[in-house]
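We will start with the whole chain and then select a single residue.

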Amino acid sequence: MNEIIAIREGIEAAFVKVYEEFHAKTFRFFLKRVRLHEAAKELTHQTFIKLLRSRHTLSQSFTRDTQIFTMAGSIL
């Protein structure tokens, strides 16, 4: 099953898989911008909370990368 569809349907294992795959990338994205470890850590957590809360808005038309980093960018 497509991970985007699975997350939309609330399947926890799909969210965990995406979290594990993108956590470090998202953290580096924020660390490069804010240059503070704790701030980057908090922003990373906020991104994944937003992903979970906004899962109904996820689209198969866009890649996971695009959707996660769009959400991350909107947090800054």
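This is a predicted model: local features need pLDDT of at least 70, side-chain atom pairs count only at pLDDT 80 or more; totals for chains, interfaces and linings use all residues.

Residues are numbered from 1 along each chain as its sequence is written, and side-chain values use heavy atoms, leaving out hydrogens and water.

**Whole chain.** Colour by secondary structure: the protein has 4 helices and 0 strands, in the order α-α-α-α along the sequence. Helices here are DSSP runs of H or I with at least four residues, strands are runs of E with at least two, and both are numbered from the N terminus. Now show the C-alpha trace, which spans about 35 × 20 × 15 Å along its principal axes.

Next, display contacts (heavy atoms within 4.5 Å). Of those with a separation of 6 or more, 59% join residues 24 or more positions apart. Then colour by relative accessible area, where buried means under 20%, exposed over 50% and partly exposed in between, with a 1.4 Å probe and protein chains only. Buried residues are 32% of the 76 in the protein.

**The loop.** Finally, select arginine 35, in the loop between α2 (12–34) and α3 (37–53). Is arginine 35 buried or exposed? Arginine 35 counts as exposed because its relative accessibility is 70%. Check its backbone too: phi of arginine 35 is near 60°, a positive value in a residue other than glycine.
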